[in-house]
Amino acid sequence: MYSTIAILLARLIFAAMFAMAATFKFLGMGTTAEYIAGAGFPVPLLLAWAAAFFEVGLVLAFLTGAFFREAALAAGVYVIFLAFAFHGPSHWEGSEAEFGFFVDHFTFFAGLLVASVHGPGRRLALDWSLFPLPRVAAAV
C-alpha cells in the first residue's frame, strides 16, 4: 500500500510542477519568449509555445500514466537542458541563487530518472508505453 501511495504522490507532484510551469508560460508567453531570447536562442516565441505544450503533454502523461516512462525520461532531459541553458555556470557570477537553481534541477532530474525506471504503478495507470515494464508472474 505504501508503494502505491508514494508512486501516486510522486506523479501528482511531477504533474503539479509542470502544470505550474505551463500555466506561467501561457499567461506570460511574451515574457517567456523574452527570457528565451535573452539566453540566445533563435525563434523564442515558437520555442516558448513548444515548451508550454510539451509541459502540458508531460502533465497528461504523469496524471494518466500513459507513456509514463518515456515522459519521465524526456522530462529529465528537458530539466537538465533548462539547468544548463538558463542557470548554468555563466549565470553564477554575482548570483548565488542561480547556483541553487542549477543544483535544484539535478535533484528533480534524479526523481524523474527513478520514476522512469519504476514506472507509473501497475494499478494506477493506462497501460500504454513504448518500452513496457516486464510482467512479473504472480506467486501461487
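Helices (H or I, at least four residues) and strands (E, at least two) are taken here as DSSP runs, numbered from the N terminus. This is a predicted model, so to speak of local features a pLDDT of at least 70 is needed, side-chain atom pairs count only at pLDDT 80 or more, and totals for chains, interfaces and linings use all residues. Residues are numbered from 1 along each chain as its sequence is written, and side-chain values use heavy atoms, with hydrogens and water left out.

Of its 140 residues, 32% count as buried (under 20% relative accessible area, with exposed meaning over 50% and partly exposed in between; 1.4 Å probe, protein chains only). Contact means heavy atoms within 4.5 Å; of the contacts between residues at least 6 apart in sequence, 65% join residues at least 24 apart.

As for confidence, pLDDT (the predictor's confidence in each residue, from 0 to 100) averages 88, and 88% of the residues score at least 70. Where pLDDT is low, the predicted coordinates should not be read in detail.

Helix α3 has 21 residues and spans 30 Å from its first C-alpha to its last, close to the 30 Å expected at 1.5 Å a residue (the expected span being 1.5 Å times one less than the number of residues). Its buried residues are A48, A51, A52, E55, L58, V59, A61 and F62, and they pack against α1, α2, α4 and α5. Helix α4, with 20 residues, reaches 27 Å, close to the expected 28 Å. Since 14 of those 20 residues are buried, α4 is largely enclosed by the rest of the structure.

L113 and G76 sit 37 residues apart in sequence, yet 6.7 Å apart in space, C-alpha to C-alpha.

The backbone between helices has a few positive phi values. V43, in the loop between α2 and α3, has a phi near 40°. Just after α3, G65 takes a phi of about 85°. F67, in the loop between α3 and α4, has a phi of about 50° although it is not a glycine, and F67 is partly exposed, with a relative accessible area of 37%. Most residues other than glycine have a negative phi.

Finally, the largest pocket has a volume of about 700 Å³. Of the 22 residues lining that pocket, the closest to its centre are A21, K25, E55, Y78 and L82. The elements that give two or more residues to the lining are α1 (2–27), α2 (29–38), α3 (44–64), α4 (68–87) and α5 (96–118). A pocket here is an open set of points on a 1 Å grid over the protein atoms alone, where a 1.4 Å probe fits, with protein on both sides within 12 Å along at least five of seven lines; lining residues have an atom within 4 Å of a point. Grid points are joined across faces, edges and corners, and the volume is the space filled by probe spheres set on them.
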